[in-house]
Each structure stands twice: as structure tokens, then as C-alpha cells.
Amino acid sequence: MTTSLEPLRRIAAYAVCADSNGRVLLVRASERSGTPGTWSLPGGAVDHGEDPKHTVVRETAAETGLSVAVAGLQDVLADMRALPERRITIHTDRLLYTVSVRGGTLTERVDRPTDLARWFTLDEARELPLRSFTARALGLPTSTDDVVPEEVPEFPSFYAVPGPDGLHRAQRFAAYAVVTDPEERVLLTRVSDGYPGAGCWHLPGGGTDYGEQPAAALIRELVEETGQTGRLVELLGVASHRDAASLGPEGYPIDWHGVRAFYRVVVDQPAPCTVADVGGSTCEARWFRREELGALPTDRLTEVTAEAVQAAHLL
């Protein structure tokens with residue numbers, strides 16, 4: 001039975017690294033891990049406040065002995081797995097980055113969660129027991145022994161815990177959309193009073209649910225916050241932002257770390273804007289023409305909104 005396991009959630013970042021011969025870099029899980037003997041991409045959990053790109057560099061160096069440079073974002077995905085022997089179920093939001101090697105020497109590790117690092121051709125990797133997210137990243141068939149929970153456990157998308165400095169800490173993964181229509185208008189939402197960024201214009205989207213894929217969460221949030229049905233076009237990037245003393249409806253400061261994937265979405269047939277989640281963090285949704293968007297003062301846009309519309313070349 002997996003229904004009684006304690007649910008946990010984390011954000012992790014991984015390196016997709018190939019050498020000049022097309023071989024890929026993989027690491028093996030040791031007996032200290034939850035899936036001993038399986039192979040995966042180098043990487044691991046994003047520390048509180050850490051940019052995921054820094055996580056990739058740090059974790060790859062620790063697990064392989066190689067120094068890498070991040071070239072770009074390849075994919076964002078999520079998965080659940082149950083670890084009955086630890087009495088936990090883990091939802092992991094995984095950010096996959098393409099990297100190149102700058103130097104170093106492959107290193108074996110003793111008494112660590114991963115113990116070997118090796119280069120493999122894709123044909124060789126196909127024969128290995130790969131973690132499912134690794135096989136997907138490499139375009140190989142998935143054949144994993146991961147135990148999937150029988151039911152999706154209840155777990156809030158926002159979960160604050162006491163930190164070492166006395167402040168509560170919260171790390172949340174979210175998905176947001178740069179939404180346009182056939183007239184090239186841009187859809188934004190306004191943050192409700194009592195929430196961080198109150199009164200500012202924001203991208204449609206929000207925190208993903210436990211067990212939910214980022215793209216599916218985004219389309220769901222778009223309907224709930226704006227009444228629009230959208231078509232996902234592409235992944236634009238990932239933003240990492242820390243607010244060391246965020247104030248929201250909880251009424252006490254929270255050391256907040258948000259990791260947000262943002263996508264380009266097209267609404268082919270715009271509908272009247274409606275906010276279904278009345279009393280939530282969104283109080284209004286509205287279409288903006290390019291010139292109207294450009295005329296908005298920068299302090300009326302949330303940080304992630306300004307970054308995303310620039311990445312989409314809309315400003």
C-alpha cells in the first residue's frame with residue numbers, strides 16, 4: 001500500500017551533457033539512494049534561494065568531478081514516485097538543462113547517493129536501467145522500476161516551514177503563460193489586495209498541484225483565472241526569484257523562493273475574461289494591445305511578467 005506514505009515535494013535540476021562523440025553523461029544511484037543501481041542524469045535538489053542553473057553546475061561537479069557550463073533549458077517535467085521503505089511519496093519538478101564540459105576528470109564517489117559517473121552511447125544507455133525522466137530526456141523508451149503511488153496524496157502547492165533563521169521558508173514551483181491571441185494582444189491578470197505584488201499585472205498561471213505536469217497545470221490555471229482556453233506553443237524559460245521577507249495573506253513574513261517555468265500560449269478564439277476563483281490571488285484579467293503593454297510603468301508589472309514578455313519579444 002502506498003496511500004499512507006508521507007507526501008514530500010522538491011524542485012531539482014539536471015544536466016543533459018554530450019561529448020564530441022555523442023556519448024551522454026550518466027550517474028549511477030548507490031545503495032544509499034532510493035533506487036539503487038539505476039542510472040540518471042547528473043543533478044539534484046535546488047537549495048532554497050538557489051538559481052536552478054547554479055544547481056546544475058554544483059551537482060554535476062559533485063557527482064562527476066566535471067565542471068560544466070549551462071547552454072540552455074531543454075525541458076521541464078514532473079513525476080511522482082513512492083518509496084515505501086522510507087514511508088514517503090515524492091513529487092519532483094525537474095528542470096533539464098543542456099550543458100557542455102569545461103574541464104575536470106570523472107570521479108567515483110564512496111558512501112554517497114551516486115557512486116559512479118560514466119559516458120555512454122545512446123545504444124548503450126538504452127540497455128541500462130534508466131530513471132524515467134532520464135530516458136525521456138534522451139529520447140529513449142522508459143522502462144523504470146519506480147513505484148507510482150496508488151492515489152495522488154493531498155499536498156498544498158504552498159507549504160511554509162520554519163527555517164534556521166527563525167523565519168518561515170517556502171519554495172514553490174509554478175507555471176505561467178505569455179498568452180497572445182490572433183490580434184497579437186497579450187493577456188495579463190491583476191494581483192489581488194493582500195497578496196505579494198498587489199495591484200500589479202501578472203502572467204496567467206500559478207502553483208502546480210501535487211502529481212501535476214507543468215503544462216497541464218498552466219492550461220488549467222488559464223481557464224480558472226481568465227476564462228480562456230489556450231494552446232501551448234513552446235517553453236520559454238525558467239525564472240528563479242527569492243523574496244527574503246515576503247508578506248501575504250498569512251500575516252507574517254516568509255522567506256519565499258519561487259521557481260517558475262514560463263511558456264508561450266495562444267488563444268485562438270478569445271472569450272470574455274472571467275475570474276472563476278473569486279477571492280483568490282487574481283482579481284482581474286484583461287487583454288492588452290502591444291502599445292498598451294509597452295506603456296505600462298515597469299513597477300506595475302511583476303518581476304516574472306517583465307522577464308517573460310521580454311523573452312517572448314513582446315516588449
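pLDDT is the predictor's confidence in each residue, from 0 to 100. This is a predicted model, in which local features need pLDDT of at least 70, side-chain atom pairs count only at pLDDT 80 or more, and totals for chains, interfaces and linings use all residues. Residues are numbered from 1 along each chain as its sequence is written, and side-chain values use heavy atoms, with hydrogens and water left out. The protein averages a pLDDT of 90, and 97% of the residues score at least 70.

**Confidence by element**
- Helices (H or I, at least four residues) and strands (E, at least two) are DSSP runs, numbered from the N terminus.
- Helix 1 has the highest mean pLDDT among the elements, at 97.
- Helix 6 (residues 303-311) has the lowest, at 79.
- Where pLDDT is low, the predicted coordinates should not be read in detail.

**Annotated spans**
- The UniProt annotation "domain: Nudix hydrolase", from an unreviewed entry, covers residues 7-142 and 170-310. Such annotations may be inferred rather than shown by experiment.
- Residues 7-142 are 18% helix and 47% strand, with end C-alpha atoms 24 Å apart.
- Residues 170-310 are 19% helix and 41% strand, with end C-alpha atoms 27 Å apart.

**Helix 1**
- Helix 1 spans residues 52-64, 13 residues in total. Its first and last C-alpha atoms are 18 Å apart, close to the 18 Å expected at 1.5 Å a residue; the expected span is 1.5 Å times one less than the number of residues.
- At its start, a side-chain oxygen of aspartate 51 comes within 2.9 Å of the backbone nitrogen of lysine 53.

- Three strands form an open antiparallel sheet in the order 3-2-7. Strands pair if DSSP finds at least two bridges between them.
- Strand 3 (39-40) and strand 7 (114-120) are the edges, each pairing on one side only.
- Strand 2 (residues 24-29) pairs with strand 7 over six bridges. Valine 24 has phenylalanine 120 of strand 7 as its bridge partner.

**Loop between strands 2 and 3**
- Threonine 38 lies in this loop. Threonine 38 is buried, with a relative accessible area of 13%.
- A polar atom of the threonine 38 side chain lies 2.7 Å from the backbone oxygen of threonine 35.

Note on methods:
Polar contact = N/O pair within 3.5 Å; in protein donor to acceptor, adjacent residues only side chain to side chain. Buried < 20%, exposed > 50% of the residue type's maximum accessible area, 1.4 Å probe, protein only.
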